[in-house]
There are 2 protein chains.
Amino acid sequence: MAQQNRNPQAGEPDAGDVLGTYLRSQATAFLRGLRLHEESGADAAESSDAARSLRGAARRISGSLATFRVVTQSSWADALRTELAWLSSTLADEHAYAARLARLTAALHRLSGSPELPAQRGSAGSLTVGSTRAGALLDRQLTLARTRAHSATLQALGSSRFHAVADAVALLASEVPLDAVAARGRVGEVLVPLAAVAESRLSAAVSALPPIDAREATPSPYDADHDGLWHDVRRLLRVHRYAQEVLGEDVSRSAAAGEALDRHRDAAEAAAASAAAARTPRIAPATAYALGVLHADQRHEVEAARTDFQHLWLREPAGRTAVTAG
Amino acid sequence: MAQQNRNPQAGEPDAGDVLGTYLRSQATAFLRGLRLHEESGADAAESSDAARSLRGAARRISGSLATFRVVTQSSWADALRTELAWLSSTLADEHAYAARLARLTAALHRLSGSPELPAQRGSAGSLTVGSTRAGALLDRQLTLARTRAHSATLQALGSSRFHAVADAVALLASEVPLDAVAARGRVGEVLVPLAAVAESRLSAAVSALPPIDAREATPSPYDADHDGLWHDVRRLLRVHRYAQEVLGEDVSRSAAAGEALDRHRDAAEAAAASAAAARTPRIAPATAYALGVLHADQRHEVEAARTDFQHLWLREPAGRTAVTAG
């Protein structure tokens with residue numbers, strides 16, 4: 001990733017060298033992830049790890065092609081990005097449903113650890129029975145969704161569309177289609193300004209976020225209206241981080257802030273899943289009560305993740321030695 | 001309250017003077033509150049204000065008699081404290097139910113201000129219909145409890161037991177039954193050490209509180225097991241504050257910390273009321289869901305109040321000029 005800085009005496013690498021090195025290494029990671037996924041067979045953990053590295057590489061190729069589009073053959077880059085976006089979202093679903101179920105099950109376990117009024121088990125005011133039923137309901141709904149996503153993934157991986165993507169990435173691993181002029185430019189004159197554009201898009205999205213007044217004066221912690229703005233920031237922060245990776249910069253701050261936004265997204269979707277489960281016809285009041293508690297709990301996690309992000313991203317982090325320019 | 005310090009040139013007031021001044025002023029406040037309550041008739045706001053000042057004076061007399069018991073005739077003090085405790089708790093109920101309903105109604109309004117998925121109104125996953133029904137249910141239950149408490153208050157105020165308390169306080173307004181020896185002591189040698197005992201009881205109770213790790217690693221925000229420890233701290237902090245009032249000390253810090261503990265108590269009881277309402281037989285799932293969200297919301301207010309208390313009480317408050325010795 002930082003290969004271009006290893007030997008500055010040997011002549012400065014140009015923009016194409018630096019971007020090409022990054023794209024080739026990500027293409028190689030993609031192909032390795034694909035091979036591991038094919039070899040993993042029925043091993044769910046191995047399969048999941050392989051799919052994760054496959055998705056990570058796909059996102060990095062796609063993200064760096066978006067930022068540094070003009071350094072590559074743009075029409076090729078645009079076409080590949082479209083296909084990688086399709087693949088990433090297809091691969092992401094199965095993992096997302098499994099992670100959502102794990103998150104909600106853990107939260108229910110935590111919430112029902114010390115049920116209020118344990119003497120009155122079975123009534124709606126107690127979490128014990130309600131949370132057991134809510135857990136079973138969520139397990140049923142999310143396992144079904146996960147199974148469907150698994151089938152969709154298998155179907156996608158067997159499709160000719162996927163094989164075309166894999167072929168394009170295999171080509172990328174050996175030869176990156178660059179723009180003849182822009183790729184010859186210096187890193188500081190070509191890549192750095194393009195990375196700055198990605199960063200300014202992120203800054204604008206962060207500025208557009210509604211203010212968080214800790215817990216004071218917030219109209220409602222269950223207000224999902226602003227989730228989309230935060231999800232936008234998450235996507236832009238990821239693109240910014242990949243640009244930092246291309247340039248060999250320190251990504252510790254953007255990675256930590258990104259993790260807070262991952263938690264934000266996960267909690268928001270878990271809250272929505274809990275609300276959706278509560279709309280199941282003919283559920284018992286105790287089940288609905290537990291789902292209400294769970295929904296509120298996850299929305300509070302959403303709020304906590306927002307606060308974490310603001311601490312990590314907007315304030316000067318205390319005790320950190322190396323941070324990239326904000 | 002600080003009368004004893006007005007004219008230090010005229011000779012230092014003794015312990016009996018200082019305590020007597022405070023008790024007489026509180027007895028006068030009690031009698032004024034009682035008169036206002038009798039005159040308020042059907043005016044709910046006036047009646048409520050009068051009851052509040054009556055309760056405040058009763059608590060102050062009772063609290064300072066507990067701390068400075070040995071400076072007074074102890075058997076008289078013990079008997080009066082028992083009667084004032086009975087009166088305070090009787091008077092407190094009506095207000096508490098009204099305040100609880102107001103708190104829960106406001107929270108429901110806030111929570112349903114921006115319902116998730118407004119398109120699916122009427123289903124359990126939406127707060128809109130559920131919160132309306134939950135609000136109606138809570139209104140019914142808490143208004144009934146309040147009406148019963150109102151009857152109990154009227155009955156108490158008409159009882160011979162109450163007239164005996166009012167007579168005892170009327171006597172106190174003119175003449176405080178003091179211990180002949182202890183009352184002659186110097187303030188610094190009698191009242192200050194007794195106040196220090198009350199403060200050390202408070203410190204011990206604060207030390208016994210389970211740690212709050214902000215929101216990290218807390219087993220469950222819905223864990224009501226520790227509420228009692230916090231309610232103990234609230235009572236001891238109040239006794240400490242009244243001792244500070246007797247000594248003419250600055251109570252701003254203990255008053256602010258006490259307000260956090262009042263919010264803690266109110267939120268804990270509101271959460272319990274929401275859980276209790278969810279145990280009503282045959283309620284709709286949407287109602288139970290809204291009550292679950294409401295319960296979780298109030299338990300988060302409990303957590304927030306605990307954090308506030310710790311900031312106000314345990315850390316050095318920033319930007320304050322005058323604080324009493326912790």
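I began with Asp232(A) in this predicted model, and its relative accessibility of 33% puts Asp232(A) among the partly exposed residues. Its salt-bridge partner is Arg235(A), and the closest N and O atoms of the pair are 2.6 Å apart. I then looked up Arg235(A) itself, which is partly exposed too, with a relative accessible area of 46%. Both residues sit in helix 7 (residues 227-246) of chain A, and because they are three residues apart there, about one helical turn separates them.

Next entry: a salt bridge in chain B. I found that Arg100(B) pairs with Glu269(B), where the closest N and O atoms are 2.5 Å apart. This pair links distant parts of the chain, since Arg100(B) belongs to helix 3 (residues 74-111) of chain B and Glu269(B) to helix 8 (residues 252-278) of chain B, 169 residues apart. I also checked how accessible the two partners are: Arg100(B) has a relative accessible area of 14% and is therefore buried, whereas Glu269(B), at 29%, is partly exposed.

The closest N and O atoms of Asp308(B) and Arg263(B) are 2.8 Å apart. On accessibility, I noted that Asp308(B) is buried, with a relative accessible area of 18%, and that Arg263(B) is partly exposed, with a relative accessible area of 36%.

My last entry concerns Leu108(A), a residue of helix 3 (residues 74-111) of chain A. Is Leu108(A) buried or exposed? Its relative accessibility is 5%, and because buried means under 20%, Leu108(A) counts as buried. I then asked myself which residues Leu108(A) is in contact with, leaving aside its neighbours within four places in sequence. I listed Ser131(A), Ala134(A), Gly135(A), Leu138(A) and Leu294(A) as these contacts. For one of them, Leu294(A), I also looked up the separation from Leu108(A): the two are 186 residues apart in sequence, but their C-alpha atoms are 6.7 Å apart in space.

Definitions and conventions
Residues are numbered from 1 along each chain as its sequence is written. Chains are lettered from A and ligands numbered from 1 in the order in which they are written. This is a predicted model: local features need pLDDT of at least 70, side-chain atom pairs count only at pLDDT 80 or more; totals for chains, interfaces and linings use all residues. Side-chain values use heavy atoms; hydrogens and water are left out. Helices (H or I, at least four residues) and strands (E, at least two) are DSSP runs, numbered from the N terminus. Buried means under 20% relative accessible area, exposed over 50%, partly exposed in between (1.4 Å probe, protein chains only). Contact means heavy atoms within 4.5 Å. A salt bridge is a side-chain nitrogen of Lys or Arg within 4 Å of a carboxyl oxygen of Asp or Glu.
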